[in-house]
Amino acid sequence: MVGAYTTRAKAPSQVEGHAVTHETRYAKTADGVYIAYQVVGSGPVDVAADFHLFAGNVDLIWDEPDWGQFLPPITDFARLILHDRRGSGASTRNVPPPNLETRAADLLAVLDEVGSDAPVLGAAASTGAMHALFAATYPERASGIVWNYPRARLAWAPDYPWGQGPEAFETALAQAASWGTTDYARDLALSRAAQRAGIPDGERHTLTVDEELMRRYARVTRNTVSPDVAEAVTRISWQTDVRDILPSVYTPAALIIGEGDSRAETDEAEYVASLMPNARVHVLSGRSGLQGEAFAEIVRGLAGIERPVGSLDAVLAAVLFTDIVDSTRMQAKLGDRGWKELLLAHHSTVRDALSRWGGTEHDTAGDGFFASFVGPARAIHCAHEVAERVGRLGIETRAGVHIGECEVIDGKPGGLAVTIGARLHSIAGPRQVVVSQTVKDLVAGSGFSFTDRGEHELIGVPDVWRLHVAEPAEG
């Protein structure tokens with residue numbers, strides 16, 4: 001838990017319909033992007049909240065009809081840390097929408113900037129997926145997760161019946177096209193009004209909303225992203241699935257749903273909780289989502305929970321295995337001296353790429369490398385760079401990337417996840433990067449296209465695994 005902080009002014013509430021603003025500052029990421037953030041309130045507890053896409057502007061969030069009332073109760077006892085995603089709000093805008101991995105890294109940059117050791121993480125619906133990844137990747141940097149309407153994925157699947165089908169996806173894309181308009185704002189205002197009234201969202205059109213309220217919703221959304229970015233983020237959200245990493249989230253988690261929400265949403269919350277070792281479902285009266293006081297009380301409760309013993313002995317990590325294709329024939333052709341010179345050039349190239357993409361080298365056996373990364377997208381990018389650069393040396397590499405919970409053994413990752421990564425690499429062909437379905441589900445928006453390699457049995461590994469070849473997307 002974080003230590004004490006100097007006293008700061010409490011967050012005032014909305015006053016006579018006028019916006020309440022707080023000082024916005026910037027954290028600069030390792031790749032030079034500026035992330036806008038605010039710190040409001042004081043207390044021995046830190047809470048880092050992640051907005052839904054349509055409310056991601058720290059300058060205007062206090063004027064957003066719902067968030068403006070939802071956030072102040074938290075600042076009564078905690079230091080509230082808010083930030084805009086890259087590509088949105090007051091953050092750097094001329095960059096691509098971020099994937100989960102990048103969003104987690106950006107949050108870490110903000111926490112480092114403000115001196116927050118291990119905040120409680122708060123989010124809703126699909127925005128909580130990033131917090132799950134963050135807590136699994138940086139377990140020592142999160143003391144709790146509060147997840148309203150927990151959703152491990154948005155899209156329907158045979159083993160995820162709570163997801164939405166293709167028609168809902170097309171509707172979401174159409175909504176993105178009308179982003180920031182009065183029609184969009186009206187539908188959003190009606191959905192929020194239905195939540196407050198405790199009636200199903202499907203009955204929202206039986207309600208009426210104030211015109212001024214709609215204008216405020218529209219203003220916030222327009223100043224968050226433009227329609228093209230809204231569409232891109234919608235696609236990323238529908239391609240993301242964090243179920244496979246939830247068992248690696250040992251951080252105490254409170255998953256929130258309401259008695260007035262649908263039975264399916266309750267079942268979904270219970271299912272997500274069943275995948276997380278230290279999660280508990282909290283059922284509120286009425287519909288969940290806009291109950292700021294109840295949310296704040298749950299955060300208070302989490303702040304007193306100590307981390308389960310042993311949960312830091314394992315860490316979520318992406319593992320990369322590479323080696324040279326047909327190395328024995330190449331060695332025989334070049335002779336010992338020529339092979340040694342080529343191998344040294346290969347090693348230098350791989351290590352340079354690892355340094356550029358934040359990889360950690362763990363083992364080098366002959367012409368093969370074993371490395372780990374905090375996220376799978378970086379591992380794939382690194383593997384592609386290695387393949388391209390060593391091609392100039394007249395050789396080809398193959399690679400495998402997997403992500404999973406790893407035990408730390410003699411200072412390096414070990415366990416089944418590492419074994420799986422090694423098996424994937426042995427299946428790859430020249431210049432190919434073979435990845436697991438888990439990796440594919442986590443890297444939406446990273447600039448890759450995937451070719452399905454079907455289901456495979458991996459030697460010594462239980463179950464059947466669906467594999468893909470990851471390639472840089474055209475353009």
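Colleague: Which residues in α12 do H346, T349, V350, D352, A353, L354, R356 and W357 in α11 meet?
Modeller: This is a predicted model, where local features need pLDDT of at least 70, side-chain atom pairs count only at pLDDT 80 or more, and totals for chains, interfaces and linings use all residues. Residues are numbered from 1 along each chain as its sequence is written, and side-chain values use heavy atoms, leaving out hydrogens and water. With contact as heavy atoms within 4.5 Å and helices as DSSP runs (H or I, at least four residues), the partners in α12 are R378, H381, C382, E385, V386, R389 and V390.

Colleague: Are α11 and α12 roughly parallel or antiparallel?
Modeller: Helix α11 (residues 327-357) packs on helix α12 (residues 376-391) with axes 9 Å apart, at an angle of about 150°. Angles run from 0 to 180 degrees between N-to-C directions; under 35 is roughly parallel, 65 to 115 roughly perpendicular, over 145 roughly antiparallel and the rest oblique. That makes the pair roughly antiparallel.

Colleague: How many aromatic pairs does the structure hold, then?
Modeller: Ring centres must lie within 6.5 Å; planes under 30 degrees apart are stacked, over 60 edge-to-face, the rest tilted. By that rule the total is 10.

Colleague: Nice! What kind of aromatic pair do Y26 and Y34 form?
Modeller: Their centres are 6.2 Å apart. The planes stand at 85°, so the pair is edge-to-face.

Terms used:
Helices (H or I, at least four residues) and strands (E, at least two) are DSSP runs, numbered from the N terminus. Rings of Phe, Tyr and Trp (its six-membered ring) pair if their centres lie within 6.5 Å; planes under 30 degrees apart count as stacked, over 60 as edge-to-face and the rest as tilted.
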